Amino acid sequence: MYQKRARPIRPWIIMCVVLVSFVWLLYALGNILTPFIVAAVMAYILNPLVEKLRNHGMKRGLASMLVMVSALVLLLALVLVIVPMLIGQFNNMLERLPQIVHFIQYKILPWLNNMVGDRMTINTHTVLVWLQSQTGELSKTLKQFAPTLMRQSSNVVMGLSNLLLLPFLLYYFLLDWQRWSHGIRALIPRRFIDTYIRVAGNMDKVLGEFLRGQLMVMLIMGLIYGLGLMLVGLDSGFAIGMIAGILVFVPYLGAFTGLLLATVAALLQFGSWYGLLLVWGVFAVGQFLESFIITPKIVGDRIGLSPFWVIFSLMAFGQLMGFVGMLVGLPLAAVTLVLLREGADAYFNSRFYKHK
């Protein structure tokens, strides 16, 4: 009687060994791979722009250079705008600590006492002494940071080399992205090519729509928060708003961090309920727009990366692989989600599941 020949198991063992080896290399070479991973993620996000320019007749090398320079100039401009504003806000906070304590003592605590029915007070002198001691320790730590950093010359050299490598790596990733994708596809055995195209297409859809959509959401929310805080007259409001927008990719972290920074800044600058309510109103409007209009329209729910999945992936991969894990956490989460869907479909369509 004819018996169906069993499928060889050796290719699957080899694939598992290659996959485990790849994950181990990511863990072992984390510090070295950081600029490569950053460049690869940026190239994946920017590659559609290169393709559009190439479709309009521009050579790929020139298109890659143009997109790379534009992206890095935009990032540098954001850093040059945001960092000085934050430094100025921090110095302003150190100078106005007594005003914060005074506002809490004579504005917030009386309001809380009327609401709760209790008598709460704070010792202004004790609080000021403690705050000044803490800020003094922080300033002392910051002053000691530079000599410590200089003593760790190897880390400084590695950080500078990674920073200098990034433009070159990003350019070559953009230049060779299409050739590499075709090369990987050519290595896939022909009997698996249909499955590979389907799975890779689903991965690209989930990962591409999430990363590019989330990047657009971050930019829009940064402008909404930043311009809104500027309109209410908050100093360094644009910098705080952009930070809140950048952190939007972690659910609720952007709004919470921005609200905290803006509240402290409002206490320093306005020292009244009116200023606080204006700042809180900006974040209330921004959170409403993000939750019900911007994110559903741009990212949508069809991708399937829920807030729980995003937070868990960032924490899990960050714990396992450090900073590199934080960089690849969302891409790996999207890939894992697609693989889980494929596995679930294969299980529910299998004879093992359907056989009674």
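Reader: Where does UniProt place the feature "transmembrane region"?

Author: The unreviewed UniProt entry puts this feature at residues 12-27, 62-87, 156-175, 215-234, 240-268, 275-295 and 307-340. The model discussed here is predicted. In it, residues 275-295 are 100% helix and 0% strand, with the end C-alpha atoms 28 Å apart. Residues 215-234 are 85% helix and 0% strand, and their end C-alpha atoms lie 25 Å apart.

Reader: Which elements have the lowest and the highest mean pLDDT?

Author: Helix H5 (residues 124-151) has the lowest, at 56, and helix H8 (residues 237-246) the highest, at 85. For the protein, the mean pLDDT is 75, and 69% of the residues reach 70 or more. Where pLDDT is low, the predicted coordinates should not be read in detail.

Reader: Why is Thr263 called buried?

Author: Its relative accessible area is 16%. Buried means under 20%, so Thr263 is buried. Thr263 sits in helix H9 (residues 253-269). Leaving out residues up to four places away in sequence, Thr263 touches Leu276, Val279 and Trp280.

Reader: What does the side chain of Thr263 reach at 2.6 Å?

Author: The side chain of Thr263 reaches the backbone oxygen of Leu259. A polar contact requires N or O atoms within 3.5 Å, and the distance here is 2.6 Å.

Reader: Why is Lys52 called exposed?

Author: Lys52 has a relative accessible area of 54%. Exposed means over 50%, so Lys52 is exposed. Lys52 lies in helix H2 (residues 30-55). Between Lys52 and Ala63 there are 9.0 Å in space, C-alpha to C-alpha, and the two are 11 residues apart in sequence.

Reader: How many aromatic pairs does a search of the whole structure find?

Author: The search finds 5. One of them is Tyr44 with Trp177, a tilted pair, 6.0 Å centre to centre, with 55 degrees between the planes. This pair links distant parts of the chain, since Tyr44 is in helix H2 and Trp177 in helix H6 (residues 153-187), 133 residues apart.

Reader: What makes Phe173 and Trp180 an edge-to-face pair?

Author: Their planes are 85 degrees apart and their centres 5.3 Å apart.

Terms used
Residues are numbered from 1 along each chain as its sequence is written. This is a predicted model: local features need pLDDT of at least 70, side-chain atom pairs count only at pLDDT 80 or more; totals for chains, interfaces and linings use all residues. Side-chain values use heavy atoms; hydrogens and water are left out. UniProt positions are given in the numbering used here, feature names are shortened, and annotations may be inferred rather than shown by experiment. Helices (H or I, at least four residues) and strands (E, at least two) are DSSP runs, numbered from the N terminus. pLDDT is the predictor's confidence in each residue, from 0 to 100. Buried means under 20% relative accessible area, exposed over 50%, partly exposed in between (1.4 Å probe, protein chains only). A polar contact is a pair of N or O atoms within 3.5 Å; within protein, one must be able to donate a hydrogen and the other to accept it, and residues adjacent in sequence count only if both atoms are side-chain atoms. Contact means heavy atoms within 4.5 Å. Rings of Phe, Tyr and Trp (its six-membered ring) pair if their centres lie within 6.5 Å; planes under 30 degrees apart count as stacked, over 60 as edge-to-face and the rest as tilted.
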